[in-house]
Amino acid sequence: MIFRDFGMDTASMAGPLEAKLAAVRRAGFSQVMISATEIVGHPGGVEAGIRAVRASGLAVTGLEMLRDFEGLDGHLHAYKVDVAKSMLELCQELRGRLLIVEASTSSHANTDPDAIVRDLRALAILAIPKRVRIAYKGVSWSRTASDFSSAGEFVLRANCRNLGLAIDAFDILAEKIPLDDIDAIDPEQIFLVQLSDFRWQAVYSMATNAAHDTRFRVFPGEGAHSDDLSTFVNRLDTLGYDGVYSFDVYNDDYQQMPPDLVAGRARRAAEWLEETVLRRALPVPNMQGLRRSTSD
Amino acid sequence: MTNVLEHEAVPNDGLNPLGISGIEFIEFATSKPQALGGVLEKLGFRPIARHRSREVELYRQGSMNIVVNSQPADLPHTVHPAETPVLSAFALRVRDAEAAFQRVRDMGAWEIPVRARAMELNVPAIHGAGESLIYFVDRYDEFSIYDIDFHAIPSVETKPAAIGDLHFFGIVQYIGADRTADWVWFYSQLFGFMPLPDSVRFGIMPRGLLLQSPCRSFFLQLIEPEDSARFAAMDEHLQRIGFGTPDVLSTVALLEKRGIEFLTSEKVHTNDRGALTKPCLGSVMFELVHDESRIHPAPQ
């Protein structure tokens with residue numbers, strides 16, 4: 001079986017990039033979210049990292065993560081524009097079409113909505129010639145947009161076709177953002193949905209302890225919040241979201257397990273979502289592969 | 001400067017924030033400049049000047065300037081074979097080039113480092129489609145950028161009349177699937193281009209979205225791949241120049257006598273609304289479009 005609607009994230013696994021990509025592919029995924037650090041930190045250099053991704057046969061869901069971009073002034077702004085350009089170029093080299101941008105957590109960031117909208121618009125225009133879309137993501141300890149709902153307001157105000165949202169299920173689980181808020185969002189504006197479960201019943205808010213974010217996330221269906229996730233995914237499906245669900249999972253345990261075992265867990269999560277949650281028929285064969293083959 | 005008045009005549013309002021006033025030149029990049037020059041001469045262009053220090057030539061007819069750039073460093077990296085000429089840039093006439101450049105850069109345009117440009121004079125430029133550039137020029141008319149960067153070729157007519165009143169009508173840009181809205185946003189936000197309704201059509205090529213320049217003197221046409229090619233790997237690029245002419249049929253006849261061949265397929269063939277040349281040198285094509293709006297007086 002090849003999963004069309006679900007993707008893994010290289011950050012979920014340990015080991016060399018090539019081993020991660022191979023594990024993702026063996027587990028039946030057709031796409032993968034790439035962390036810029038994986039490419040830039042490749043022991044063979046950036047070019048080797050790019051070649052590894054292109055050779056993997058996997059489509060690139062997107063590139064992460066541009067941080068603390070919006071709301072800066074003067075030389076800080078110019079510096080971040082340079083960082084953004086570098087990530088957009090990398091994204092294009094990887095043939096990725098999406099850059100994830102987290103709402104700023106910088107204490108230097110201006111929280112004036114006009115300034116934020118202006119910066120997001122400029123970022124969206126920067127991305128156009130590179131054929132990249134910008135997925136803006138709320139972060140619970142951000143001063144500008146703490147969840148998908150407030151990020152969505154900026155996206156709406158900026159009103160650029162290639163600027164949309166990345167929605168993290170964690171907003172629902174940890175921050176208890178009302179699920180009804182999703183209905184206020186145009187599904188066309190949702191560029192990516194990131195899914196993870198949480199091992200414990202009590203989810204620490206990221207605002208109280210950002211460290212929890214990186215340590216206890218598990219694949220959907222593996223944690224204590226399967227029902228909430230199931231409701232969340234069905235709600236998005238009903239809304240008309242037909243994009244990718246990317247598993248945004250990091251934890252210390254997976255960093256000590258072989259990538260194939262981690263990818264196997266991701267596969268079970270995808271099967272659970274597909275068959276039990278979304279109750280979809282068996283997926284059609286790998287659409288990405290078909291697209292590629294018709295183009296050659 | 002002699003053209004101050006004319007610059008100020010360009011409306012400085014929200015509809016034309018940069019004071020755009022037409023296309024100053026269109027640039028090709030190719031490693032085989034003589035071959036392309038031959039084609040341009042058949043179309044009625046004349047080599048006018050050579051760059052002082054670079055492998056760059058200026059061709060002209062009527063109001064149109066075409067720059068042929070064969071600097072090795074400026075040749076596109078993604079086009080194969082490398083000798084296939086590509087449309088590598090167009091230059092917008094604007095009220096104040098530096099101000100225009102700073103404005104669009106602040107809005108999210110990519111600036112191009114000076115060393116990568118065909119001109120030595122500081123002609124600011126930004127990234128356009130694919131590997132192409134968009135320049136901003138504010139010196140035109142009597143005192144021009146060519147006076148500084150170029151040596152005139154001795155004993156040539158520097159203002160040759162245009163065959164059939166040919167003038168720049170527009171540029172066709174091939175874009176990726178579902179990319180029309182992105183590029184409409186790009187051109188309308190940065191430059192003030194206006195998308196035209198689908199009912200407005202020029203020439204014989206039916207597809208694509210038309211954007212009118214804020215000065216209303218030329219068009220950009222955005223064309224997405226046909227359904228069958230939606231997933232083909234294609235880099236976005238500037239594909240061809242459209243020339244306006246008040247009488248397509250007689251201009252086609254004049255150009256055919258000079259050795260230009262036009263497509264005669266069932267789907268695409270010459271009529272009084274327009275014509276399309278057969279591709280040459282790989283994929284170089286030109287389009288003729290019926291346009292009576294700008295009949296240019298012959299230069300004195």
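Predicted model: local features only at pLDDT ≥ 70, side-chain atom pairs only at ≥ 80, totals over all residues.
Visitor: What span should helix α4 of chain A have, and how far apart are its end C-alpha atoms?

Guide: Helices (H or I, at least four residues) and strands (E, at least two) are DSSP runs, numbered from the N terminus. The expected span of a helix is 1.5 Å times one less than its number of residues. Helix α4 of chain A (residues 74-93) has 20 residues, so it should span 28 Å; the end C-alpha atoms are 29 Å apart, which agrees. Arg95(A), with a positive phi near 60 degrees, follows α4(A).

Visitor: Which residues of α4(A) are buried?

Guide: A residue is buried if 20 or more other C-beta atoms lie within 10 Å of its own, exposed if 12 or fewer, and partly exposed in between, with C-beta atoms placed from the backbone. In α4(A) the buried ones are Lys80(A), Val81(A), Ala84(A), Met87(A), Leu88(A), Leu90(A) and Cys91(A). The buried residues of this helix pack against α2 (36-40), β3 (59-66), β4 (98-102) and α5 (113-127) of chain A.

Visitor: How is chain B divided?

Guide: Domain bounds come from an automatic or database domain assignment. In chain B they give domain 1 (4-152) and domain 2 (163-290). Two residues are in contact if their C-beta atoms, placed from the backbone, lie within 7 Å. By that rule, 32 residues of domain 1 of chain B are in contact with 31 residues of domain 2 of chain B. On the domain 1 side, α2(B) gives the most, with 4 residues.

Visitor: How many residues of chain A are in contact with chain B?

Guide: 16 residues of chain A are in contact with 19 residues of chain B. On the chain A side, α5 and α11 (287-295) each supply at least two residues, and α5(A) gives the most, with 6 residues.

Visitor: How many helices and strands are in chain B?

Guide: Chain B has 6 helices and 15 strands. Of its 300 residues, 47% are buried.

Notes
Residues numbered from 1 in each chain as written. Chains lettered and ligands numbered in written order.
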